[in-house]
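Reader: Could you take me on a close look at one part of this model and then work outwards from there? I'd like the cut-offs spelled out as you go, please.

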Amino acid sequence: MVSRVIPVEPFDLVIFGGTGDLAMRKILPGLYRRYWAGQLPEEARIVGASRHDMPDEEYRATIREAIEEFAIEGGDDAEKIEGFLKLLSFVAVDATGERGWPELAGKIRDGVIHAYYFSVAPRLFGDLAERLHGHKMAGDDTRIVVEKPFGHDLGSAQDLNATLRRYFAEKQIYRIDHYLGKETVQNLMAVRFGNILFEPLWNALYIDHIQVTVAETVGVAGRGTYYDRAGAMRDMMQNHLMQLLCLMAMEPPHHFEPDAVRDEKLKVIRALDPAQPEDIVRGQYTGAEGIDSYAVDVGDEKSTTESFIAMKLHISNWRWKGTPIYVRTGKRLKARASEIAVVFKHPPHSIFGHKANERRGNVLVIRLQPNEGMNLRVTIKEPGPGGMRLIEVPLDMSFAEALGEEAAEVPDAYERLIMDVIRGDQTLFMRGDEVEAAWGWVDPIVARWEEDGDRPQLYQPGTAGPEESLMLMYREGRRWRDIEE
């Protein structure tokens, strides 16, 4: 199979924070890969902007190094790199003052798509939005992209939304969550709504429980200042895990278009029951040989911020009432792995009796990273004589194996989402009321921890987290899937 790359319309893209880590590791290498794949027109223009003075040639040299390091596909194609670098320029801009804005405005062309990526601290969003309008660089069809964290709680998220809406309509605001750009996340919708096989079974009558796991082997060193203010609940649960939960649990939208999809996601958040204290486990990693503890990484020996969280959740609607959903995420765990596991109920009656060993249920596993793909565990007879012995086997599909060369051409999350911005497609971006609803659910949990002086349970690096998180499922006769790549 050969993938079909459709070029986007000519555009001007300004990246505020154009010398920052995200721009160097993800945004610009991702744009280069889209150029390498033939999706960016030669008429495209990309402008890096930050407060640092830098000639165009120095900026291009810096981006060349980033491409060679982070653009796996095409990072050694000298001719393509040169072609891409010709699209780039740089302007030193003061987000809170007037320096550089007339020069930046002079680079914005008429008759093309205008997009602005706010890869900066949220406190600067309002200043950037105000100056874009003040210098007549924003029209009715302008798009702005804003990164997380989108607020620290409900109140700050509402303030940020109000600030942006003073200058831009909701249809112009693209709140990016890179998890939604992953190929497998979108395939979750395709599997559910594109196949008659699964959707009739996708409910509490047939599903015993669901597990969502996002495990990382790295700690928080280098991000300690931010992370110690956020923790796993604010950094992961409020956005990434909540979005995965919504896509997994939502009702079929009437059409695959932005507001129809986001309407259904919002209904899931609003149907979430308040999480009970006994259904939440917080953890914090300790030190080990050659590994610093969380407290050392954040520079606070008394920190009570969680680097791990596991929760049992319930959705109170007709589809999911009675089916628990278990979510967990953490740093310094035993492997890097992200997956959704849908565990179906056992057959209501076993015709094979005790000779068949214990009854087994089917499990559908959607792997988000690494090695994106899907796995359906089914029960069959073990080959050979000796009676009816049942074993479990996987029907396994990794994108790399199933799609061959085409899998290598699949853009990563940032590539896909930036192209969606240029196309004006908000389907995979969060709407303002979604963000606020998620914070409205998270805030009471965090407030209770702060009021009670709750301290996380300690766990060793390289494990599956605190022992208490295992008991979250053991007490109901269930168990977490192993965390493994």
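Author: Buried means under 20% relative accessible area, exposed over 50%, and partly exposed in between, with a 1.4 Å probe and protein chains only. This is a predicted model, in which local features need pLDDT of at least 70 and side-chain atom pairs count only at pLDDT 80 or more, while totals for chains, interfaces and linings use all residues. Residues are numbered from 1 along each chain as its sequence is written, and side-chain values use heavy atoms, with hydrogens and water left out.

Helix 13 spans residues 413-423, and it is largely enclosed by the rest of the structure because 10 of its 11 residues are buried. Those buried residues are A413, Y414, E415, R416, L417, I418, M419, D420, V421 and I422.

In helix 5 the buried residues are F125, G126, L128, A129, R131 and L132. Helix 5 is followed by K136, whose phi is positive, near 55°. K136 sits in the loop between helix 5 (125-134) and strand 5, and it counts as exposed because its relative accessibility is 74%. R332 also has a positive phi, about 55°, although it is not a glycine; its place is the loop between strand 10 (325-330) and strand 11 (337-344). Most residues other than glycine have a negative phi, and most peptide bonds are trans. A cis peptide bond, with omega about -15°, joins Q369 and P370, and P370 is found in the loop between strand 12 (363-369) and strand 13 (373-381).

Now for the interior. A nonpolar core is a set of buried Ala, Val, Leu, Ile, Met, Phe, Trp, Tyr and Cys residues joined through side-chain atoms within 4.5 Å. The largest such core has 146 residues, of which F16, F84 and M311 touch the most other members. Its largest share, 13 residues, comes from helix 8 (residues 224-249). With contact meaning heavy atoms within 4.5 Å, and leaving aside neighbours within four places in sequence, F16 is in contact with A49, V93, W101, L104, Y116, Y117, F118, S119, V120, L128 and L132.

F84 belongs to helix 3 (residues 78-85), whose buried residues are I81, G83, F84 and L85. These pack against helix 1 (21-36), strand 2 (45-50), helix 2 (56-70) and strand 3 (88-92). Strand 2 and strand 3 run parallel and are joined by 5 bridges, where DSSP must find at least two bridges for two strands to pair. A49, one of the contacts of F16, has V91 as its bridge partner in strand 3.

Finally, a look at the loop between helix 7 (183-194) and strand 7 (207-215), where L201 lies. L201 counts as partly exposed because its relative accessibility is 31%.

Methods: Helices (H or I, at least four residues) and strands (E, at least two) are DSSP runs, numbered from the N terminus.
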